[in-house]
Amino acid sequence: MALTKVPEQKVILCGEYGVGKSSLFRRYAANTFVSSSDRQSTLGLDHYERQYKVNDKFIKLQLWDTGGMERVASITSSYYKFAEAAILVFSLDNPASFHVLSQHLLDIVTYAENAKIFLCGNKSDLGAQQVTDQDMETFCEQCHNLVSATYRTSCKTGQGVEEMFSDIAQHLVQANRSRLELQAMDTDSFKITPPGPEPADPSCLCVKNVKCCCVVG
Amino acid sequence: MDEEYDAIVLGTGLKECILSGMLSVSGKKVLHIDRNKYYGGESASITPLEDLFSRFNAPKPDETYGRGRDWNVDLIPKFLMAHGQLVKLLIHTGVTRYLEFKSVEGSYVYNKSGKISKVPVDEKEAFSSDLMGLFEKRRFKNFLVYVQDFKEDDPKTWKDMNPNVTTMKTVYDKFGLDPNTQDFTGHALALYRDDDYLNLPSLTTIKRIKLYSDSLARYGKSPYLYPMYGLGELPQGFARLSAIYGGTYMLDKPVDELVMENGHVIGVRSGKEMARCKQVYCDASYVPDKARKTGQVIRCICLMSHPVPGTNDALSTQIIIPQKQVGRKSDIYVSLVSYTHQVAAKNWFVAMVSTTVETDQPENEIQHGLKLLGPIQQKFIWIQDYYEPIDDGLASGIFISKSYDATTHFETTCLDVLDIFRRGTGEDFDFSKVKHDLGDEDQ
């Protein structure tokens with residue numbers, strides 16, 4: 001059998017501005033935490049991949065952050081495309097951020113029909129927990145068990161974060177076992193990659209002085 | 001909103017989103033506003049199907065159209081040249097990672113007899129083509145060989161014709177190509193919309209033909225690519241690039257005024273709020289008094305349940321109807337994409353016929369294109385004014401993009417964007433500023 005590539009699974013973070021999506025992203029990417037919202041630290045960082053091993057199988061989780069688009073505008077529908085999993089994030093001390101999740105859930109099922117959905121209550125280190133386990137359970141029942149699992153995390157202390165991502169990796173390996181085998185069938189679409197090294201072509205329609213002609217190897 | 005920005009971009013069409021991304025990457029503080037509540041403006045792919053129907057005041061689609069949200073219908077049909085400017089921009093900005101593409105299956109050209117023929121691009125195809133007689137095939141082959149061997153910096157390959165001086169007409173004549181062959185070469189390979197190029201130096205035309213064949217060499221079947229889920233994914237990709245480099249997005253935000261001081265823009269007002277800035281980048285619809293109408297483009301969106309007859313059941317196609325073949329001054333373009341691109345419900349196809357308007361009965365002008373399609377379940381006709389800025393924007397700090405023309409690819413789109421960026425910032429875009437490896441690295 002041919003060598004199989006380690007499958008990449010796009011995982012997206014969804015939820016209101018300020019619930020800690022970028023903090024989860026930073027914990028995941030660099031295992032750090034900054035207390036105030038410091039955009040600089042993730043500026044230019046698009047997504048981050050980590051490999052997990054689940055029962056002798058390797059899987060790559062590719063975590064995507066919103067880039068802060070949800071602050072005033074809405075997130076592009078592109079963000080959801082090709083996602084295998086979506087994490088609905090809310091802040092445990094902010095009931096409003098929890099109650100608005102049904103809206104985010106709707107976006108996920110609209111644009112990423114096949115994504116598995118997870119629920120994450122963040123900021124578990126804060127004393128005043130205003131969203132209870134019971135609330136979370138009720139939410140899952142209300143959305144017809146679309147939610148595969150629920151977690152409580154604290155990006156500040158790091159508690160529960162790594163556990164959540166390993167568990168999601170496990171869920172995705174199970175969900176994909178059958179699908180990966182089917183996948184070979186209909187995928188003639190592709191990503192554009194830089195062309196391989198080739199002689200510099202002075203004839204290409206290139207705007208003068210723009211370095212777009214030189215091919216990235 | 002009440003803050004100060006280096007640049008405010010108005011409208012989230014493809015050109016504005018590319019500019020926004022390039023400006024943010026260059027370290028500028030950017031505010032990007034759209035009056036609509038969706039991304040893309042006229043570059044959006046309309047979804048669900050119900051929205052497309054209501055946009056054109058048509059009654060709701062019935063159940064034969066399948067699920068409304070399986071549709072993503074472009075308003076402005078274009079393909080990407082696999083070796084063209086937009087692909088370079090996508091690669092160098094890393095935006096390509098948000099997208100998946102399919103190769104367009106076939107490229108066809110229409111001839112006087114009312115038939116369509118596959119566009120021959122190499123010697124083998126030229127010899128099996130029904131477009132030319134036997135002797136003409138030989139002459140065309142010689143011409144193709146000349147173009148393939150041509151090097152701008154090597155006069156030995158010029159065949160004694162200085163490409164900066166000799167007109168394309170002279171080059172055709174030297175190879176003895178008949179008017180029909182000239183026609184499909186100029187319109188289906190070099191992708192000119194009219195015949196003005198014949199009397200210009202041949203260099204540009206030769207480069208365009210090379211772009212076509214280089215693009216073809218990249219992925220095979222045709223030189224064109226099309227993104228899954230429609231062209232609306234392109235502006236969104238660049239918007240995300242802008243956002244992750246710190247750009248701020250506001251949708252559904254009316255723009256009431258560009259605030260000026262001594263003839264230079266100092267901000268944008270929305271209701272009682274005002275954002276200050278040094279520059280504004282926008283499409284003409286935000287500054288109607290600073291743009292002039294220079295023409296019209298007619299586009300007809302056709303929903304069909306079959307491919308175009310005579311194309312070997314291709315699931316995606318481009319057909320060019322050169323102006324002369326139907327007695328016009330500008331070409332008619334037909335493009336077709338399908339459910340396999342996630343732009344239509346299962347077994348549906350979306351065709352688009354478009355051209356530059358020449359008469360006061362534009363709907364008659366596209367008949368030659370519509371006739372090729374076979375039965376059409378639903379048609380939507382859209383006539384769009386084409387605007388150009390009245391000045392270069394340097395004095396006012398307001399840089400305006402041209403409307404999207406009738407061409408079927410993005411080459412002119414990218415040239416306009418790169419030109420605006422250069423005017424606005426005084427420099428060419430530095431692709432090395434994009435850290436596009438960061439996200440792709442393991443651990």
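User: Why is B:Arg328 called buried?

Analyst: Its relative accessible area is 11%. Buried means under 20%, exposed over 50%, and partly exposed in between, with a 1.4 Å probe and protein chains only. So B:Arg328 falls in the buried class.

User: What kind of model is this, and how are residues labelled?

Analyst: The model is predicted: local features need pLDDT of at least 70 and side-chain atom pairs pLDDT 80 or more, while totals for chains, interfaces and linings use all residues. Residues are numbered from 1 along each chain as its sequence is written, chains are lettered from A and ligands numbered from 1 in the order written, and side-chain values use heavy atoms, leaving out hydrogens and water.

User: What makes B:Glu358 and B:Arg328 a salt bridge?

Analyst: Their closest N and O atoms are 3.6 Å apart. The rule asks for a side-chain nitrogen of Lys or Arg within 4 Å of a carboxyl oxygen of Asp or Glu. So the pair qualifies. B:Glu358, at 28% relative accessibility, counts as partly exposed.

User: How many salt bridges does this rule give over all chains?

Analyst: The count is 30.

User: Why does the pair B:Arg67 and A:Glu113 join two chains?

Analyst: The salt bridge has its closest N and O atoms 3.0 Å apart. B:Arg67 sits in a loop of chain B and A:Glu113 in a loop of chain A, so the contact crosses between chains. B:Arg67 has a relative accessible area of 34%, so it is partly exposed. A:Glu113, at 44%, is partly exposed too.

User: Why is helix 1 of chain A described as largely enclosed?

Analyst: Helices here are DSSP runs of H or I with at least four residues, and strands are E runs of at least two, numbered from the N terminus. Helix 1 covers residues 21–30, and eight of its 10 residues are buried, so the rest of the structure largely encloses it. A:Leu24, A:Phe25 and A:Tyr28 are among the buried ones.

User: What makes the largest void a cavity, and what is its volume?

Analyst: On a 1 Å grid over the protein atoms alone, a cavity is a set of points where a 1.4 Å probe fits but cannot get out; lining residues have an atom within 4 Å of a point. Points join across faces, edges and corners, and volume is the space filled by probe spheres set on them. The largest cavity has about 110 Å³. Its lining has 14 residues, with B:Asp74, B:Pro77, B:Tyr226, B:Ser335 and B:Val337 nearest the centre.

Conventions:
On a 1 Å grid over the protein atoms alone, a cavity is a set of points where a 1.4 Å probe fits but cannot get out, and a pocket is an open set with protein on both sides within 12 Å along at least five of seven lines; lining residues have an atom within 4 Å of a point.
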